[in-house]
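Have the structure open as you read.

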Amino acid sequence: LDLRSRYRLEFRYQLNETVTIRMLDEILLNIGNNPDKELFDQNRIALGLQYFPFEKFGFELAYINLFQKESESKIFINRHIVRFTSFLIINSKISQ
């Protein structure tokens, strides 16, 4: 049985009504009973800037440092990633 657990610590600091800074550290661990998997899977450290020009639509530009164990080997990979994300918030409440 392959199971993975995620532990995430995130800080957000709102500069103003439209801009937020995000910092996070996320560790993923293999907790299943598969003897071929080691406990540590990956660690993600990120710093991002969110911009919401409209109430329900925004963007984020983030730097992510990904430290990950390659599957079925003893090799660790350190990746530097720049990610651009767009957000659309949809209200799921159904009015009666």
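Which residue forms a salt bridge with D41, and how far apart are the closest N and O atoms? The partner is R4, with those atoms 2.8 Å apart; a salt bridge here is a side-chain nitrogen of Lys or Arg within 4 Å of a carboxyl oxygen of Asp or Glu. This pair links distant parts of the chain, with R4 in strand β1 (residues 4-14) and D41 in strand β3 (residues 40-54), 37 residues apart. Strands are DSSP runs of E, at least two residues long, numbered from the N terminus.

Before going on, some ground rules: this is a predicted model, where local features need pLDDT of at least 70 and side-chain atom pairs count only at pLDDT 80 or more, while totals for chains, interfaces and linings use all residues. Residues are numbered from 1 along each chain as its sequence is written, and side-chain values use heavy atoms, leaving out hydrogens and water.

**Salt bridges**

Searching the whole structure turns up nine salt bridges. Here are three of them.

| Pair | Closest N to O distance |
|---|---|
| R4 and D41 | 2.8 Å |

R22 sits in strand β2 and E60 in strand β4 (residues 57-69), so their bridge ties together parts that are 38 residues apart in sequence. Both R22 and E60 are buried, where buried means under 20% relative accessible area, exposed over 50%, and partly exposed in between (1.4 Å probe, protein chains only). R22 counts as buried because its relative accessibility is 8%. E10, on the other hand, is partly exposed at 27%. Back at the opening pair, D41 is buried at 12%, while R4 is partly exposed at 48%.

There's a network of salt bridges too: R6, R8, E10, R12, R22, E26, R44, E60 and R83 are linked in it.

**E26**

E26 belongs to strand β2 (residues 19-30), and it counts as buried because its relative accessibility is 3%. Its side chain makes a polar contact of 2.9 Å with that of R6. A polar contact is a pair of N or O atoms within 3.5 Å; within protein, one must be able to donate a hydrogen and the other to accept it, and residues adjacent in sequence count only if both atoms are side-chain atoms. Setting aside neighbours within four places in sequence, E26 is in contact (heavy atoms within 4.5 Å) with R6, Y7, R8, Q42, N43 and R44.

On a 1 Å grid over the protein atoms alone, a cavity is a set of points where a 1.4 Å probe fits but cannot get out, and a pocket is an open set with protein on both sides within 12 Å along at least five of seven lines; lining residues have an atom within 4 Å of a point.

The second largest pocket holds about 160 Å³ of space, a volume being the space filled by probe spheres set on the points. Its lining consists of R6, R8, R22, L24, E26, R44, A46, E60, I64 and R83. β2 gives the largest share of that lining, three residues. By class, the lining has three nonpolar, no polar and seven charged residues; Ala, Val, Leu, Ile, Met, Phe, Trp, Tyr, Cys and Pro count as nonpolar, Asp, Glu, Lys and Arg as charged, and the others, Gly among them, as polar.

The largest cavity has about 40 Å³ of space. R22, L24, A46, L47, G48, E60, A62, I64 and R83 line this cavity.

Terms used: Helices (H or I, at least four residues) and strands (E, at least two) are DSSP runs, numbered from the N terminus.
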